[in-house]
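The exercises below concern salt bridges between side chains. Work through each task before reading its solution.

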Amino acid sequence: MSSERQIQDEDLMDVAQDPEQAHRLRKALRTLADNPHVGGKLQEMAQEVLAGRIGMRDAIQTPGYMDALGDRMNEIRRAAEDQTQAEREASREQFAAWQKQQDEQEDKERAERDGPTGNIVSTPRRGGRGGAGHRG
């Protein structure tokens with residue numbers, strides 16, 4: 001799939017509320033597309049969106065893709081319900097560590113995207129809150 005055209009964050013602004021959300025959505029789609037354990041319609045949907053063959057808005061309006069997403073969510077819910085208390089605790093700890101790693105990676109990627117700032121302290125670029133917003 002690497003030889004195909006790949007969408008950019010900006011291509012998801014029709015469904016995202018701001019550039020940061022578009023970036024996270026594209027990253028999530030990449031995870032779905034690249035994970036061999038996903039398979040089926042859900043992986044197909046992510047690959048189609050990332051290749052630009054279908055828009056995200058169209059994908060979420062496609063019954064087959066949404067059925068696949070619903071099925072996966074039900075599998076996750078059932079697995080969580082079947083966990084013991086000890087497994088839940090371990091999962092929470094693993095998730096906290098994973099979330100910390102993801103936050104650090106996002107901070108690093110944001111810094112690379114936004115360019116060097118030296119020691120200047122600034123607020124993250126997030127649209128939609130009282131600012132001029134996206135130029136669409």
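**Exercise 1.** With which residue does Glu 106 form a salt bridge, and how far apart are the closest N and O atoms?

The model is predicted, so local features need pLDDT of at least 70 and side-chain atom pairs count only at pLDDT 80 or more, while totals for chains, interfaces and linings use all residues. Residues are numbered from 1 along each chain as its sequence is written, and side-chain values use heavy atoms, with hydrogens and water left out.

Step 1. Apply the criterion: a side-chain nitrogen of Lys or Arg within 4 Å of a carboxyl oxygen of Asp or Glu. The partner of Glu 106 is Lys 27, with the closest N and O atoms 2.9 Å apart.

Step 2. Glu 106 lies in helix H5 (residues 85-114) and Lys 27 in helix H1 (residues 19-34), 79 residues apart, so distant parts of the chain are linked. Helices here are DSSP runs of H or I with at least four residues, numbered from the N terminus.

Step 3. Check accessibility (buried is under 20% relative accessible area, exposed over 50%, partly exposed in between; 1.4 Å probe, protein chains only). Glu 106 is buried at 11%, whereas Lys 27 is partly exposed at 23%.

**Exercise 2.** Describe the salt bridge between Asp 107 and Arg 110.

Step 1. The closest N and O atoms are 3.0 Å apart.

Step 2. Asp 107 and Arg 110 are three residues apart in helix H5, and therefore separated by about one helical turn.

Step 3. Asp 107 is partly exposed at 46%; Arg 110 is buried at 16%.

Step 4. Glu 20 joins Asp 107 and Arg 110 in a network of salt bridges.

How values were computed: Helices (H or I, at least four residues) and strands (E, at least two) are DSSP runs, numbered from the N terminus.
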